[in-house]
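Hello,

Here is the structure I promised to pass on. Have a look at it first, and my notes follow below.

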Amino acid sequence: MDTTIPAPEFSSGAAVLRAAVPRRRLAGVIALMVLTTLTEGIGLVLLVPLLAVLTGNAGALPGPARALLGLAQRAGLPPAPGALLCVFVGLVAFRAIANYARKIAAERLGYVLVDTLRTRAFHLLLGARWQVLSAMRQSDNAALLITNVDRIGFAFDQILRAGAAAVTLAGAGITAMLLAPAGAGLTLLAYKGLRRRAGHLGEVLGRAYDDVHARTQESLGALRLIKSLGAESRVERDYAETFAELRRAQLAYSRSHGRGQGVLQVAGAAALAGSAWLAIERFHTSPAALLPLVALFVRALPALSSLQECWQEWLHGRSALDETATLMATLAAVQEPRAVSDPDPVPLAPASTIAVERVTFHHPGRPEPVLDALTLELPVATTTALTGPSGAGKSTLADVFGALLLPESGTLMLDGAALPPQDLPRWRASVAYVQQEPLLFHTSIRENLLWARPDASEAELHAALADAAAQFVHALPQGLDTLVGDRGAWLSGGERQRIALARALLRRPALLILDEPTSALDAENEALIAAALQGLRGKLTILLIAHRGALAEVADRVVVLSRGIVAPA
Ligand SMILES: Nc1ncnc2c1ncn2[C@@H]1O[C@H](COP(=O)(O)OP(=O)(O)OP(=O)(O)O)[C@@H](O)[C@H]1O
């Protein structure tokens, strides 16, 4: 399945839909819709001569039906009930097959749309600049990828259903015209949707869903904080209130929907009664033509109410489409010079120096530069400790070295040459990070390590663990196959950090960046990490952000950062 949108166009919800729906598939679904309706219409019209033949009253048929009977006779069909019944059953069977094909084709089309949107949005997320990504609320992105895209898929399904209902109605209208022109006019009276209100309620409902989603995500992410602050009951109250809001919106929506359906049913019944009265009293229509007309109304009524229902659901889904279009447009505008998703970028291996030269960077909304024409060179295979007061710009500088942040001016240099933009993915593949709070996945230690290098051998895993002072793994009952829990919660902070270091080492990085790796650890664990870094000295290029002395002692040199510049020694 091709899930790429060739020309990204996210200016509006409709544009997103246009870009993500394959036209040929859509044309196929529409053709099948028309075909099913056509067969149904022909089947009903065919009932007229059938009834006329059965009642021996062919002369009383309305013009078009009489012409059809003549056509059937010319085609060699005897005006016998048996032959007509066979054709009727054949048509129903054909319709059933066409209907089945339409249903499957429509479902497939919906899947293609949803998968295309989801893949495209994820692609845009991965390709967006880190600066923008890090400032985003991740629950919005989760909503974009999960709830919103599903809502769009559902809304699109409603459009298709509405299309099918509209084609059925049009078919019923035309057939009714053929059978009894006066009665058919009344069909149009039935639909009086409560459209504006439905649209508004749909948006309210959409917002309520988003709130529930965001609150759930935030609460789950803050469980530790909630418990430590004893804020359980407050959070529970807020959570219940969010759901109450959602239920209110759902009930209002259902009420509006139910009222619309009721209006339709009553109006439909009135239309049916009115047209029957007109046909019998005014136009003296024969019972043979009247019966299929009744069948048509019976068929048209559910189509009418389905049209109303689909419209309301579509209004609900449209807000999701608009939100997705806005977010995708935002992401599309901040894509990196080249997609990061190069399948297998070949790492770079500078031989003498990794440097930033006259680099300047502002964080959004901050008038002062966090890095101010800063120059710093890291000789290969040395350890540089970066210290300085909080907020001095150490993490920002590390992100510039790792090419996660692209400076406004200044250059990242490898062996004295500026890194060309197309080599960004290659440089990123050459850098490994160990963060303050390491992120481990809820799987085994082995899987966590292999995530960095899927082809690593057992011996390489053991070597990385040894280099990271993480031999404790071998003492665990399940060894490398021990599960680490959500974000590594089943390990101690020090153990988590040493696994993260082993994972980083497995990548054999050209530059290893450690951002305060021991800030959350006790002295014993800090000493273990310091010993591991001491063992790596001279083998790797290491940039080590460290507040505390114990770690800085393992460095070949210490650079002090202050207000975005390197402080004079
Ligand atoms: N995404 C962001 N948006 C706006 N300002 C930011 C952002 N990230 C960092 N800053 C600001 O930039 C400045 C430098 O931040 P940075 O994290 O680089 O400092 P640091 O020296 O690593 O601090 P610490 O030692 O406390 O971790 C700080 O004032 C911080 O508030």
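Which helix gives the largest share of the shell around the ligand? That is helix α12 (residues 394-401), with three residues; helices here are DSSP runs of H or I with at least four residues, strands are runs of E with at least two, and both are numbered from the N terminus.

Before the rest, two notes on the source. Residues are numbered from 1 along each chain as its sequence is written. This is a predicted model, in which local features need pLDDT of at least 70 and side-chain atom pairs count only at pLDDT 80 or more, while totals for chains, interfaces and linings use all residues.

Back to the ligand: 14 residues surround it, and the closest are H363, S390, K394, S395 and T396 (near means a C-beta atom, placed from the backbone, within 6 Å).

There is also an open sheet of six strands with mixed pairing, in the order β6-β7-β8-β3-β9-β10 (two strands pair if DSSP finds at least two bridges between them). Its edge strands, β6 (431-434) and β10 (565-566), each pair on one side only. Strand β7 pairs with β8 (residues 542-545) in the parallel sense over four bridges, and L514 stands opposite L544 in β8.

Finally, two backbone angles to look at. Most residues other than glycine have a negative phi. R358, in strand β1 (residues 353-361), has a positive phi of about 50 degrees. R508, in the loop between α17 (493-506) and β7 (511-515), has a positive phi near 45 degrees.

Happy browsing!
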